[in-house]
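This briefing covers a structure by topic, from overall fold to local backbone geometry. The sequence and coordinates come first.

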Amino acid sequence: MTYTPAEMMTVAAARALDDRDVCFVGIGLPSAACNLARLTHAPRIHLIYESGTLGTRPDVLPLSIGDGQLCETALTTVPVPEIFRYWLQGGRITIGFLGGAQVDRFGNLNSTVIGNYAQPKVRLPGSGGATEIATGAGQIFIVMRHGARSFVERLDFLTTLGHGRTGRERRELGILTKGPTLLVSDLCIMRPDAETSEMVVTSLHPGITRERVRHNTSWDVRFADTVMETEPPSAEELEVLRELHARTARAHGSAGGGE
Amino acid sequence: MVFLTLHDAVAQYVRDGDQVALEGFTHLIPFAAGHEIIRQGRRNLTLIRMTPDLIYDQMIGMGTARKLVFSWGGNPGVGSLHRLRDAVERGWPGPLEIVEHSHAAMANAYEAGAAGMPCAFFRGYRGSDLPSVNHDIRFVTCPFTGEELACIPALRPDVALIHAQRADREGNVLIEGIVGVQKEAALAARSAVVTVEEVVEDFGPRSSNAVILPAWALSAVVVAPNGARPSYAHGYYSRDNAFYIAWDEIARERETFLTWMRENVLR
């Protein structure tokens, strides 16, 4: 079956989740990946959205973080302060799933501004839950489209801590959670180097060359000693993902769903 | 608590220069109340809201705000809030001061306000650049463990406006579904105005743990059917996702935005 780079990205991200995970889900690509995992190999995964819905099982992808279906299909819905205080800060989330406008080699994220903060070229939405998800969740998965303007040498603003500007900041700040352990793009999979915490390419998606990844990454991207080839999406994964997107588009009256 | 018309509630409780919080986390966003504030021409407001959403995009674009306190300023699942961006990037229709937080910080700050505390402590902002651009973000040391914790001022708006499903004849208010930070915002504010879909004789059978704001903790209750559209009211109507998508085009240019506001809000 043929598939798009976006489908490969969502499928690869979904595969990283399992049934034991309690996952704090961001809207868009993370939400698609988490629900694909739930509808395929991880039916018992516990999805939490920052609107307060615990254990939600939406039939379509929500457009917003607080669509009615998230609440209707949830085990329970709690106030927003409780989500951040008891469930996230309390240490009960195993995986935080994030995206952003820019990422750097240490998995730090910018979702605040392009350009200068006081006089921005582009004002982005801001932190939302990300700043505390990054340090409160046991580990962080990042999913983002690859591109030279988004995989940058230097962030315009560090909204959300990855491994810090030196790769050592989590330890120096006394943060005990792991931070970014996985970055999935439409070209490859990256994981942190055990010594330096720099995100290095560990797997290339089928048909993607090292040159293509270098061309789309603004820092001097490194490759692991052994680089695997990502297994292509199975027929089942593609079918479930496409049905999910089709249901979502019908529900929202558009091509919505974060893809 | 008094029952008022929407016009009278805004006239009485929202004054030029006030700190105003219209809360509702995606669900139950008080659009009718925001539109009335625009129609009455309030100016120099400090608008407080975790997710400014379309309602603050409209209020900012119509020149009601001097300052915005927020933690996520996008059109959910769609993209930018173009009027918010125009104000921050190009100062239109006037300069907009921003005080930017994370969600966890805002939620904690409302809770601290409701609890009568001067500030909120939490484990936050570690390693982020946000403290360098928002001087309300400070750090304190826990006297027991030595851990460094983020500390921010409590939110104490002059007035909070929220929307809920229903009130009973006495003006007690029931909120169901995604309850967000509405209870905290209402109790943190000096005055709390609640718009509701309907007034019922009594709430009938309900869970002992239903979220109910007692009438005596509120300033005014206003009957405003459909008062959350294009957001939604759980049990009454769904979120108009198609309109959220359409807003991207409407708000992109100043002229189309102003035309839409004249035709649909100013009337």
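Where in chain B is the place of B:Asn44? B:Asn44 sits in the loop between α2 and β3 (45–48) of chain B. The model is predicted, and the values below are computed from it.

**Chain A: overall fold**
- Chain A contains 8 helices and 14 strands.
- The radius of gyration of chain A is 18 Å, which agrees with the value near 18 Å for a compact globule of 259 residues.
- The C-alpha trace of chain A spans about 45 × 45 × 35 Å along its principal axes.
- Of the 259 residues in chain A, 57% are buried.
- Among the contacts in chain A with a separation of 6 or more, 66% join residues 24 or more positions apart.

**Chain A: the sheet**
- Strands of a sheet pair through backbone hydrogen bonds, in either a parallel or an antiparallel way.
- Chain A has an open sheet of 10 strands with mixed pairing, in the order β4-β3-β2-β1-β5-β10-β11-β12-β13-β14.
- The edges are β4 (76–77) and β14 (223–229) of chain A; each has a single partner strand, so one side of each is left without a neighbour in the sheet.
- Strands β5 (residues 95–98) and β10 (residues 139–143) of chain A run parallel and are joined by 4 bridges.
- A:Phe97 has A:Phe141 in β10(A) as its bridge partner.

**Chain B: helix α2**
- Helix α2 (residues 31–39) of chain B is mostly covered, with 7 of its 9 residues buried.
- Those buried residues are B:Phe31, B:Ala32, B:Ala33, B:Gly34, B:His35, B:Glu36 and B:Ile37.
- The elements of chain B that cover them include α1 (6–13), β2 (19–22), α3 (53–61), β11 (159–168), β13 (191–200) and α9 (254–266).
- Just after α2(B), B:Gly41 takes a positive phi of about 70°.

**Chain B: backbone exceptions**
- Most residues other than glycine have a negative phi, and most peptide bonds are trans.
- B:Leu28 is not a glycine, yet has a positive phi of about 55°; B:Leu28 lies in the loop between β2 and α2 of chain B.
- B:Leu28 counts as buried because it has 29 C-beta neighbours inside 10 Å.
- B:Asn44, also not a glycine, has a positive phi of about 60°.
- B:Asn44 counts as partly exposed because it has 14 C-beta neighbours inside 10 Å.
- The peptide bond from B:Trp92 to B:Pro93 is cis, with omega near 5°, and B:Pro93 is found in the loop between α4 (82–90) and β7 (97–100) of chain B.
- The peptide bond from B:Arg229 to B:Pro230 is cis, with omega near 5°, and B:Pro230 lies in the loop between β15 (220–223) and α8 (241–252) of chain B.

Definitions and conventions:
Residues numbered from 1 in each chain as written. Chains lettered and ligands numbered in written order. Predicted model: local features only at pLDDT ≥ 70, side-chain atom pairs only at ≥ 80, totals over all residues. Helix = DSSP H or I, 4+ residues; strand = E, 2+ residues; numbered from the N terminus. Rg over C-alpha atoms; globule rule 2.2 N^0.38 Å. Buried ≥ 20, exposed ≤ 12 C-beta atoms within 10 Å, placed from the backbone. Contact = placed C-beta atoms within 7 Å. Pairing = 2+ DSSP bridges.
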